[in-house]
Amino acid sequence: MSTRLSTSPGDIFHLAPERCSVRSRIFFFYLRVTLLSVSNVGVSFGATELFKDITFTVADGERWGIIGRNGAGKSSIFKIIIGELQPNVGSVARKPGLRHALLDQHRAFEGATTVWQAGAAAWRDVIALEQSLAQQAIELGEMGEKVTDEFLERFGRDQERFADLGGYEYHARVDAVLQGLGFDAEESKTRLVATLSGGERGRVGLAAQLIAPADLLLLDEPTNHLDLDTTTWLQEWLSEAAETVIVVSHDRAFMDAVCTNILHIEAKSSESYKGNYSQFVPQRAERRLTRERELEKQRAYVKKEEEYIRRNLAGVNSFQAKGKRKRLERLPRLAPPPGDPAAMSLNFEVGERGGDQVTDIKNLRVEVPGRVLVEDFTAVLRRNDFVALVGPNGAGKSSFISTILGDRAPAHGEVRVGGSVTPAWFRQDLSDLPLRMSLADAVQEIRPTWSRGSVQNHLGAFGFTGDEVFREISTLSGGERARIALARITLARANLLVLDEPTNHLDVENIEVLEDALAEYDGTVLLVSHDRAFLREVATRVWAFDGTRLVDFDGPFEEWEADRARRAAQ
């Protein structure tokens, strides 16, 4: 049984000196148990090397964030941890009996018919024992004085085993997690898994992970299907949980709130850092600067020694020169600091300025069959507004956008789009991509007069080079599809960008590129996202769902967050 401390073990070495004495730090060090050690691990598929020299050690109670470019092998590290993928080199040591919970990507929920059963999937044996105890209790009542000592002993043993397995706590855990992830705990006992949407299935899969009895939680992009409220709930749950956590995420605010350690995968290798994402950034910059200085120092030394050898090899000091040459040959040469391929180059140009009034919305009602999504909304979207459209999953954000852009007729009211407004829509599901086209043809479709070189240069700015430009879009990963969608949108030269979850499939580096591009954009943006760090950077105004009411907050996202927190406290 691992020992839990009132202060999270992962936080011990981040406490200020005045809050943690030397004796306390030594005491806590010996309490911490190593759950997992990955040493110099490398993975290759044929002649293709995925990564090498991956090294990190995870102690009980720590919460690790794994970051790196898409395709760097972050999900493969999870497979190595659970033993599904064997490394070509290196070793993985696990604490004996280590229990892990990893999200089932197929989300089949085998054997579960209701949401509650799917969430409690890892407790099937305990549920079966609970049902057995209930049946034994009925039999005990029927036997009366005829009950045997053998029956009572078995009943007692089963009760004790049920308690040891957490049988008296799991009901509350299932209810709490489902409730936290946006499901009604009572309703979930009768709601069928077959009725769930894709996003809801993702949340049920995450719930099953959090509910499972495990020592180590392995979370792969857990916030992708969560809204702002459930993301906040998740980070609070993980911060207070007894389990050790390893999370792959691109959500910087989430990693700031949760992580005690960062593993950065870069240039097919890894570096580990103490602290959260914001603490990682300056540490990484400092390490790179130190290595660059050491490299320059060594280069200057080598140049000086080589010059001495050249001048003295045939002279009176030839003995010393030969000695220096031998020492120089044995000198381990420092390598330049590692670097990943450059992130995409993104620039949103505006073809025409457009009017100051982009859309005029009056008394708008948006409906779907049997339900009102938005009731009586009136607002004006102005030029250079960067509006964050926020609300819980299922509130109707995508339906509202469709109505604004004219794809859906309003149930009541009107939306007038200003003169010379040219919209471009990044769809959350990327459903407008021509899947049977190659990348090159998808660009050529929009720019038919471009030469093949111009098409390739444009795609190169988004990370597609060489023969990659001839790949069919249907073969691309989620991150690659997001990049080709952005590559096509930039060609529209739109003065109104509607971005529905644009960061979902992008890595951190490319999200930061998107932030920079929007900062330079001379147009209007309507943005749906659950990435709080992204919203804090770009949003100057917020439209927030409150039931069927849409509230217009004329201020940046950070001020809206503070205002919402104040109102919740009151």
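A nonpolar core is a set of buried Ala, Val, Leu, Ile, Met, Phe, Trp, Tyr and Cys residues joined through side-chain atoms within 4.5 Å, where buried means under 20% relative accessible area, exposed over 50%, and partly exposed in between (1.4 Å probe, protein chains only). The model is predicted, so local features need pLDDT of at least 70 and side-chain atom pairs count only at pLDDT 80 or more, while totals for chains, interfaces and linings use all residues. Residues are numbered from 1 along each chain as its sequence is written, and side-chain values use heavy atoms, with hydrogens and water left out.

The largest nonpolar core has 50 residues, and those with the most contacts inside it include Leu459 and Ile484. Its largest share, six residues, comes from helix 15 (residues 478-490); helices (H or I, at least four residues) and strands (E, at least two) are DSSP runs, numbered from the N terminus. A second, separate core of 48 residues includes Trp237 and Val258.

The table lists contacts (heavy atoms within 4.5 Å) of two residues.

| Residue | Contacts, leaving aside neighbours within four places in sequence |
|---|---|
| Ile484 | Leu433, Leu439, Val443, Leu459, Phe464, Ile473 and Leu476 |
| Ser438 | Val469, Phe470, Arg471, Glu472 and Ile473 |

Ser438 lies in the loop between strand 14 (423-426) and helix 13, and because its relative accessibility is 12%, Ser438 counts as buried.

In helix 14 (residues 452-460), the buried residues are Val455, His458 and Leu459. Seen down the helix axis, they fall within an arc of 95°, so they line one face of helix 14, the arc being that of the directions from the helix axis to the C-beta atoms. These buried residues pack against helix 13 (439-444) and helix 15.
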